[in-house]
Amino acid sequence: TSAGQAVMLISLAFFLPAIAVIDYENKIIPNCLLMRLAVTGILGYIIFFLTERENFLYRVSGGCLTGLGLFAVLLLVALLSKGLGGGDVKLFGLIGCMSGYGISISVLFWGLMCSMFAAVILLIKKKKGKKDTLPFGPFILAGYLISVAALYL
């Protein structure tokens, strides 16, 4: 792991718990937190440029394509299903830009698995109905923790 990538992964680990708590309590992901996360991502890319110039363009293009691709796909899902919020879509775009394809897809997969498990439990216990929604931020955090633990531990 390079210094730039470490900055990005640590900043995600720092911001995602706050985002998860706010999303759980208010069902919204504040743009101010997303902007701060984006600034730390830019800082990570600057560090990456200063330390590993030969891989910089490859890293930036891969990260940006991943982030934009996730953003576009999830925006389409959000517009068609109304089950995913705009903050979740923007957050996944940032996760894609900062962590690349592998971790981003893993976070999405594990976040969906955790949310489906929670939804089934809540439906069985009759605490939520079929039309109720769950904040996705805590599940994004769970997916991130599972993904990073599987990759680095």
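**Aromatic pairs**

I began with the rings and found that the structure, a predicted model, holds five aromatic pairs, where rings of Phe, Tyr and Trp (its six-membered ring) pair if their centres lie within 6.5 Å, and planes under 30 degrees apart count as stacked, over 60 as edge-to-face and the rest as tilted. Because the model is predicted, local features need pLDDT of at least 70 and side-chain atom pairs count only at pLDDT 80 or more, while totals for chains, interfaces and linings use all residues. Residues are numbered from 1 along each chain as its sequence is written, and side-chain values use heavy atoms, with hydrogens and water left out.

I looked up Phe-92 and Phe-136, which form a tilted pair at 6.2 Å centre to centre with 35° between the planes. Phe-92 lies in helix α4 and Phe-136 in the loop between α4 and α5, so the pair ties together parts that are 44 residues apart in sequence; helices here are DSSP runs (H or I, at least four residues), numbered from the N terminus. Both Phe-92 and Phe-136 are buried, with buried meaning under 20% relative accessible area, exposed over 50% and partly exposed in between (1.4 Å probe, protein chains only).

I then turned to Phe-109 and Trp-110, whose ring centres are 5.0 Å apart with the planes at 80°, so this pair is edge-to-face. Phe-109 is partly exposed at a relative accessible area of 42%, and Trp-110 is partly exposed at 35%. I also noted that Phe-92, Phe-136 and Phe-139 form one aromatic cluster.

**Helix α5**

**Packing of α2**

How are α2 and α3 oriented to each other? I find helix α2 (residues 31-51) and helix α3 (residues 53-81) packed at an angle of about 150° with their axes 7 Å apart, the axes being lines fitted to C-alpha atoms, for helices over the stretch in contact, and the angles running from 0 to 180 degrees between N-to-C directions. The two are therefore roughly antiparallel, given that angles under 35 degrees count as roughly parallel, over 145 as roughly antiparallel, 65 to 115 as roughly perpendicular and the rest as oblique. The contact is made by Tyr-45, Phe-48, Phe-49, Leu-50 and Thr-51 of α2 and by residues of α3 including Arg-53, Phe-56 and Arg-59.

For α2 and α4 I noted an angle of about 10° with the axes 10 Å apart, so these helices are roughly parallel to each other. Among the residues making this contact are Leu-34, Leu-37 and Tyr-45 of α2 and Leu-91, Leu-94 and Met-98 of α4.

**Loops**

I looked up Thr-133 in the loop between α4 and α5, where it counts as partly exposed at 42% relative accessibility. Thr-133 touches Lys-27 and Lys-128, not counting residues up to four places away in sequence. Thr-133 and Lys-82 are 51 residues apart in sequence and 9.9 Å apart in space, C-alpha to C-alpha.

Most residues other than glycine have a negative phi. Lys-27, in the loop between α1 and α2, has a positive phi of about 55° although it is not a glycine, and is partly exposed at 46%. Lys-126, in the loop between α4 and α5, has a positive phi of about 60° and counts as exposed at 72% relative accessibility.

Key. Contact = heavy atoms within 4.5 Å.
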